[in-house]
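The following exercises concern a single protein structure. Please study the sequence and the model before reading each solution.

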Amino acid sequence: MINVLNKGYVHLVDVMGSDLTPVNAARVSYNKASNALTEKDEKLIQFLATHDHTSPFRHAMVQLEVYAPLMVARQWWKYIVGSSHQEGAQDPFTAWNESSRRYVTESIEFYIPEEDEWRSSPENSKQGSGPILGTPIGKEATKRLLEQIEYGMRNYEWAVENNIATEMARLFNPSAYGLYVRWYWTASLQSVSHFLKQRLDAHAQVEIQAFAKAVKTLVEKEFPVSLKALMSI
Ligand SMILES: Cc1cc2nc3c(=O)[nH]c(=O)nc-3n(C[C@H](O)[C@H](O)[C@H](O)COP(=O)(O)OP(=O)(O)OC[C@H]3O[C@@H](n4cnc5c(N)ncnc54)[C@H](O)[C@@H]3O)c2cc1C
């Protein structure tokens with residue numbers, strides 16, 4: 001498990017396959033298989049990636065448990081193809097499983113940037129962020145966010161104490177963008193590399209970049225050759 005931001009993490013729950021998976025998926029065309037990864041196999045992996053023969057990489061899968069602020073989950077959820085939450089009858093997995101505040105009353109956690117973590121607006125672009133603002137604005141921002149959260153939490157607790165259903169009481173949950181949610185993400189290696197290429201990029205929001213780095217660290221241990229090849233194209 002790799003800790004991310006103030007409370008989040010990425011945990012590799014399960015893995016299907018290894019670097020041999022795309023090799024043997026490709027070699028099935030010739031009714032051949034490898035038992036141990038050779039230099040020739042590594043070259044084949046690079047060839048497959050470079051020439052967009054991507055289907056062999058879809059037999060390798062990872063299952064991750066992620067605990068991240070809702071704003072990160074919203075961005076992650078957009079990775080539809082090759083992920084297990086795509087909708088429609090053609091997807092046998094259909095499985096984005098997320099903790100629900102309709103039922104769960106476990107402690108509520110928020111993403112609260114430290115005083116020295118607030119970033120400025122970008123100078124030449126509508127999205128993304130610029131350099132760290134520093135004090136006194138950063139100090140004031142953390143203070144105001146904490147006040148907002150405390151105010152909302154008091155109302156939430158009042159609602160629960162007064163028997164309002166948690167599925168409605170959560171409307172009082174303040175700062176929903178920063179509310180931590182937990183989910184399972186099952187995805188093919190091709191889908192993971194697509195996610196990583198976009199979300200490790202400097203254009204992605206810094207918070208999702210932090211989660212993408214953790215995903216990369218966990219997945220490259222399992223598929224070092226394949227992930228490198230997919231990320232190189
Ligand atoms: C920096 C950044 C800013 C973003 N800003 C916004 C934003 O402001 N608003 C917003 O809504 N989204 C935004 N997104 C999300 C973006 O539009 C994508 O939804 C997201 O990055 C997932 O990528 P994808 O669609 O390629 O993934 P997937 O849906 O997993 O698709 C993977 C690939 O499959 C192929 N594919 C998928 N669907 C089709 C299809 N119907 N026909 C043919 N080929 C298909 C494409 O090659 C696609 O790249 C942003 C993404 C980034 C990285």
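**Exercise 1.** How much area is buried between domain 1 and domain 2, and what share of it do carbon and sulfur atoms give?

*Solution.* The model is a predicted one, in which local features need pLDDT of at least 70 and side-chain atom pairs count only at pLDDT 80 or more, while totals for chains, interfaces and linings use all residues. Residues are numbered from 1 along each chain as its sequence is written, and side-chain values use heavy atoms, with hydrogens and water left out.

Step 1. Locate the parts: domain 1 comprises 2–103 + 179–231 and domain 2 comprises 115–177, the bounds coming from an automatic or database domain assignment.

Step 2. Read the buried area, that is, the accessible area (1.4 Å probe) that two parts lose on being put together, summed over both. For domain 1 and domain 2 this is about 920 Å², and carbon and sulfur atoms give 43% of it.

**Exercise 2.** Identify the salt bridge between the two domains.

*Solution.* Step 1. A salt bridge requires a side-chain nitrogen of Lys or Arg within 4 Å of a carboxyl oxygen of Asp or Glu. The count between domain 1 and domain 2 is one.

Step 1. Glu207 and Arg119 form a salt bridge, with their closest N and O atoms 2.8 Å apart.

**Exercise 3.** How far is an oxygen atom of the ligand from an N or O atom in the side chain of Gln198?

*Solution.* The distance for Gln198 is 2.5 Å. For a polar side-chain atom of His194, the distance to a ligand oxygen is 2.7 Å.

Definitions and conventions: A polar contact is a pair of N or O atoms within 3.5 Å; within protein, one must be able to donate a hydrogen and the other to accept it, and residues adjacent in sequence count only if both atoms are side-chain atoms.
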